[in-house]
Structure formats: C-alpha cells, structure tokens
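Here is a short briefing on one protein model. Have the sequence and the 3D view open as you read.

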Amino acid sequence: MNGNKRLFVTSLYSKLGDTKFGGRIGRIHHYLGSLKTILNMEQDFVIYTSDMEEKEIIESSIDMVKYKDNIRIILYDLNSHPNHEYFQEKLNGFNKMDAHRCYEIMHNKTTWMNNHINEDYDFIYWIDCGLSHGGIFPLKYRGGSDSFADHFKCSLFTPKVVENLNKCTNKITLLSGDQSYHLFDSSANDKFFIDVVKDTKYHIIGGMFGGPKNLVINLINEYQIALDKMIGFDVLHREEQLLSYLFMKNKDSYNQLIFTTWHHEDSDMAQYNIE
C-alpha cells in the first residue's frame with residue numbers, strides 16, 4: 001500500500017448462484033464493472049475472493065498496473081467461515097431461503113475489516129464491490145447511456161466521496177433506508193428486543209459502512225456479540241438485520257445516510273415513488 005490512511009474492504013464471489021452458499025447468477029461482469037468504478041475513489045482496497053475469481057480480476061479491464069500499490073487480493077475459502085456449518089444447517093444444506101444472498105459473506109464483512117484493524121489506517125470502510133450499477137444510480141451519473149458497458153459506471157465515485165465520509169469523526173457512517181413508504185426488510189427476531197426499543201422506521205443497508213478506526217473496533221465487537229446472540233437464539237438473519245438492531249440499540253453512535261427508495265427517476269418503478 002502507498003501510505004493512504006483510508007482502507008476499503010470488499011469481496012468478489014460471482015459463482016455462488018445455485019450453490020449451497022447462495023448468490024446471484026452470472027454476475028462477474030457486474031462485479032468487475034462496478035469494482036472498476038469504485039476504484040476511482042483512489043483509496044486502498046482489500047479484495048477477498050477465490051482463486052478462480054482472482055484470475056478474472058487480474059485479467060479484466062481493471063488497470064492492475066495503475067492500482068498495484070492500492071489493491072491487495074486475499075484468497076478466502078467460504079467453507080472456512082467459523083459459523084459455516086450453522087448457516088448450512090439453517091439453510092438445510094442448500095440456500096433456498098434467500099438464494100441470492102450468501103451468509104458466509106454477509107457475516108464476514110466485519111471479520112474481514114477486523115483483519116486489517118492493526119494496519120496503519122485512520123478510517124476503515126466496508127463496501128460491496130457491486131454497489132455501482134444502473135439499478136441504483138440514474139442515467140445522469142452514468143454518462144446518459146443505458147448501454148451494458150455504461151450500466152456499471154458512475155461519476156459519483158471520486159475521492160470527494162471519501163473526503164466527505166471522513167468529515168464524520170465521531171460516529172460510524174452507514175446507509176439507512178427510510179421504510180415510511182418503502183419496506184426494505186423485516187427486523188431481527190423479537191428476542192433481540194427484550195431491552196432494546198424496536199424502531200422499524202429505518203433499515204440499515206449493508207452495502208457500505210465504517211468510519212474512524214477506533215469506532216470500527218467497537219462496531220466489530222458489537223457485531224460479534226449480536227452474531228453470537230443470533231446463534232444462541234437459534235435463528236438466521238442477514239447482516240442488515242443485525243446492523244439494524246445495533247442501530248436501534250444505540251442510535252447516537254451512527255451517522256445515517258438516509259434514502260427513501262431503490263427506484264431512481266429512470267427506473268420503471270419510479271411511478272410508485274412518493275415525493
């Protein structure tokens with residue numbers, strides 16, 4: 001790495017569809033195209049992936065020479081997640097319950113961040129490598145073209161994004177969906193809310209979160225406690241449900257970046273948005 005004080009951690013696994021892990025099918029072009037875009041933030045990145053996808057990253061259109069001082073690729077076998085057997089038991093050995101989501105990835109986000117907590121960074125963030133796509137960002141940020149080649153481009157991913165994120169030095173920043181008019185997801189099991197007030201107005205999105213390293217350490221510890229509770233309660237939740245629970249538990253610790261709908265103005269579903 002080149003002395004950058006901000007680290008983004010992500011993962012790229014594109015071949016999990018129709019497997020026991022669960023994942024979207026045929027997403028390699030999506031993930032590589034989006035990754036190429038978010039690298040425009042010009043920060044240090046750690047990418048967890050498989051040996052097969054490592055080869056595809058290296059052979060893609062991403063300029064690995066340009067980013068050689070900013071990218072680390074770390075191979076990780078999803079079978080090695082410490083709670084892999086528990087997840088698979090709950091999924092009955094095949095992910096039919098939530099076929100497009102991988103629990104081994106969702107519940108590794110904070111663990112992968114923790115792997116770099118002792119490195120010389122002031123801020124650490126998680127970001128989904130597929131975050132940049134036309135389903136989230138309208139045409140005006142994608143050059144006005146809805147071609148496949150431009151679908152994963154977005155002019156918003158610049159160093160200015162990180163500069164603005166880092167202005168928040170006393171809270172963890174996270175993406176928060178306002179559920180007043182658009183239901184994003186259900187909350188965690190009621191057992192989590194014996195001594196925590198359930199407030200379902202906001203649902204925390206797991207696509208990006210993080211902040212100052214000292215606060216990220218606290219988040220990692222709190223998340224592990226929540227994950228242990230989940231297993232103790234004998235239930236299975238996505239990482240967003242646990243992050244939402246942590247937000248409800250201590251709202252003052254979080255800087256919300258609030259949005260109200262997935263459906264931007266160019267979406268076929270935009271007609272259902274409420275102004």
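Which residue in strand 6 does F123 stand opposite? F123 stands opposite P212. The model is predicted.

**Strand 4**
- Strand 4 spans residues 123–127, and five of its five residues are buried.
- F123, Y125 and I127 point one way from the strand. I124 and W126 point the other way.
- In a regular strand, side chains alternate between the two faces of the sheet.
- Strand 1 (residues 6–12) pairs with strand 4 in the parallel sense, over four bridges.
- In that pairing, F8 stands opposite Y125.
- Strand 6 runs antiparallel to strand 4, and five bridges join the two.

**Helix 8**
- Helix 8 covers residues 239–249. Ten of its eleven residues are buried, so the helix is largely enclosed by the rest of the structure.
- The buried residues are E239, E240, Q241, L242, L243, S244, Y245, L246, F247 and M248.
- Helices 4 (103–106), 5 (109–114) and 7 (213–232) are among the elements that cover them.
- Strand 6 (202–212) and strand 7 (254–259) also belong to this cover.

**Cavity**
- The model has one cavity of 30 Å³ or more.
- The largest cavity holds about 40 Å³ of space.
- Its lining consists of Q179, D185, S186, S187, D199, T200, Y202, H203, S244 and M248.
- By type, the lining residues divide into two nonpolar, six polar and two charged.
- Strand 6 and helix 8 each supply at least two residues of this lining.
- S244 and M248 line the cavity, and both are buried residues of helix 8.

**Positive phi in two loops**
- Most residues other than glycine have a negative phi.
- E42 has a positive phi, near 60°, and is not a glycine.
- E42 is found in the loop between helix 1 (28–38) and strand 2 (44–49).
- Is E42 buried or exposed? E42 has a relative accessible area of 53%, and the cut-off for exposed is over 50%, so E42 counts as exposed.
- D234 also is not a glycine, and its phi is positive, at about 60°.
- D234 lies in the loop between helix 7 and helix 8.
- D234 has 47% relative accessibility, so it counts as partly exposed.

Definitions and conventions
Residues numbered from 1 in each chain as written. Predicted model: local features only at pLDDT ≥ 70, side-chain atom pairs only at ≥ 80, totals over all residues. Heavy atoms only, no water. Buried < 20%, exposed > 50% of the residue type's maximum accessible area, 1.4 Å probe, protein only. Contact = heavy atoms within 4.5 Å. Pairing = 2+ DSSP bridges. 1 Å grid on protein atoms, 1.4 Å probe; cavity = no way out; pocket = protein on both sides within 12 Å on 5 of 7 lines; lining within 4 Å. Points joined across faces, edges and corners; volume = space filled by probe spheres on them. Nonpolar A, V, L, I, M, F, W, Y, C, P; charged D, E, K, R; others polar.
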